Protein chains: 2
Amino acid sequence: MARAARAAQGRQLEHPGTDQIRLEDVLSALSDPIRLRIVHDLSQGHDDMACIAFELPVSKSTSTHHFRVLRESGVIRQHYEGTSRMSRLRTDDLEERFPGLLSAVLLARSMDATVPGRTV
Amino acid sequence: MARAARAAQGRQLEHPGTDQIRLEDVLSALSDPIRLRIVHDLSQGHDDMACIAFELPVSKSTSTHHFRVLRESGVIRQHYEGTSRMSRLRTDDLEERFPGLLSAVLLARSMDATVPGRTV
DNA sequence: GTCAAACTACGACGGTGTTCGTACATTGAG
DNA sequence: CTCAATGTACGAACACCGTCGTAGTTTGAC
């Protein structure tokens, strides 16, 4: 990309406002095992991790896809830091929008013995 | 069907045991607006309703499909009563398996103004 | 037995989701 | 500048999901 265009766009990322987060999008985002694992890892003190640090069992393209689904559904917030894209849970926003939902899902995942591949 | 076979099968319906309910199946089942509406209606004192009583904006075949997804994921329990198939929420089973999850989802739906078609 | 009501099974269709490889963009280090 | 690291965009392949119509099953009423 040309230098002017680079400076102009500044690598912005689209996020829904807290009010725009839709329940069905959140539930759909969380119904995938890989995305559920990402959310779990983020909740376990691994906030602000680069995508590559998750060591997911999928290709880089697929990883990008899952992070985008989580971001566009309002579950995570992402920002650039050098060549890396850092991710963190939108814990407070979700608590305001859908009280108790995220914690219930995370508790549920910890109780579900059928979910493999814990990283913590 | 022959009379003998009818008596033999007795119109059984498959349900997962409480221990077999999987989080991802539940979240996936609840991420559809029509199924979310069914669950909401069932939670609003409309327990033990026949499928047709929901007046869903889809065909009967599609309705059957959605009720089966809810049943096979462990969200509802169904039993025959005459020609009707009665449905009820597995509230206690879900609370035991994934504490707080169902109530959080129902609360979230009531807070989500983007969800149309409330029947109550 | 006959008939209507409630529901299912099946196949089909279009849309969407997940996955990947390849090519490209951006950044920071040397 | 060059290069490696990180990640994206794009298209393709494949499977799955939601929807429907049609035909059939089961039940209860007559």
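Strands S2(A) and S3(A) form a hairpin with two residues between them, and Gly82(A) in the turn has a positive phi of about 65°. Strands (E, at least two residues) and helices (H or I, at least four) are DSSP runs numbered from the N terminus. This is a predicted model, in which local features need pLDDT of at least 70 and side-chain atom pairs count only at pLDDT 80 or more, whereas totals for chains, interfaces and linings use all residues. Residues are numbered from 1 along each chain as its sequence is written, chains are lettered from A in the order in which they are written, and side-chain values use heavy atoms, without hydrogens and water.

**Hairpin of chain A**
- S2 (residues 76-81) and S3 (residues 84-89) of chain A pair in the antiparallel sense over six bridges; pairing requires that DSSP find at least two bridges.
- Tyr80(A) has Arg85(A) as its bridge partner in S3(A).

**Salt bridges**
- Over all chains, the structure holds eight salt bridges, each defined as a side-chain nitrogen of Lys or Arg within 4 Å of a carboxyl oxygen of Asp or Glu.
- In chain B, Arg90(B) and Asp93(B) meet in a salt bridge of 3.0 Å, N to O, and both residues are buried; buried means under 20% relative accessible area, exposed over 50%, and partly exposed in between (1.4 Å probe, protein chains only).
- Salt bridges that share partners join Arg77(A), Arg90(A) and Asp93(A) into one network.
- Arg22(B) and Asp25(B) also form a salt bridge, at 3.1 Å from N to O; Arg22(B) is partly exposed at 32% relative accessibility, and Asp25(B) is partly exposed at 30%.

**Salt bridges between the chains**
- The rule finds two salt bridges across the interface of chain B and chain A.
- Arg97(A) pairs with Asp112(B), with the closest N and O atoms 3.3 Å apart.
- This pair runs from helix H5 (residues 91-97) of chain A to the segment after helix H6 (101-111) of chain B.
- Arg97(A) is buried at 10% relative accessible area, and Asp112(B) is buried at 0%.
- Asp112(A) forms a salt bridge with Arg97(B), again with closest N and O atoms 3.3 Å apart.

**Interface area and composition**
- Chain B and chain A each give 25 residues to the contact (heavy atoms within 4.5 Å).
- The two chains bury about 2,100 Å² between them, 69% of it on carbon and sulfur atoms; buried area is the accessible area (1.4 Å probe) lost on putting two parts together, summed over both.
- Leu23(B), Glu24(B) and Leu27(B) supply 26% of the area that chain B buries against chain A, more than any other three residues.
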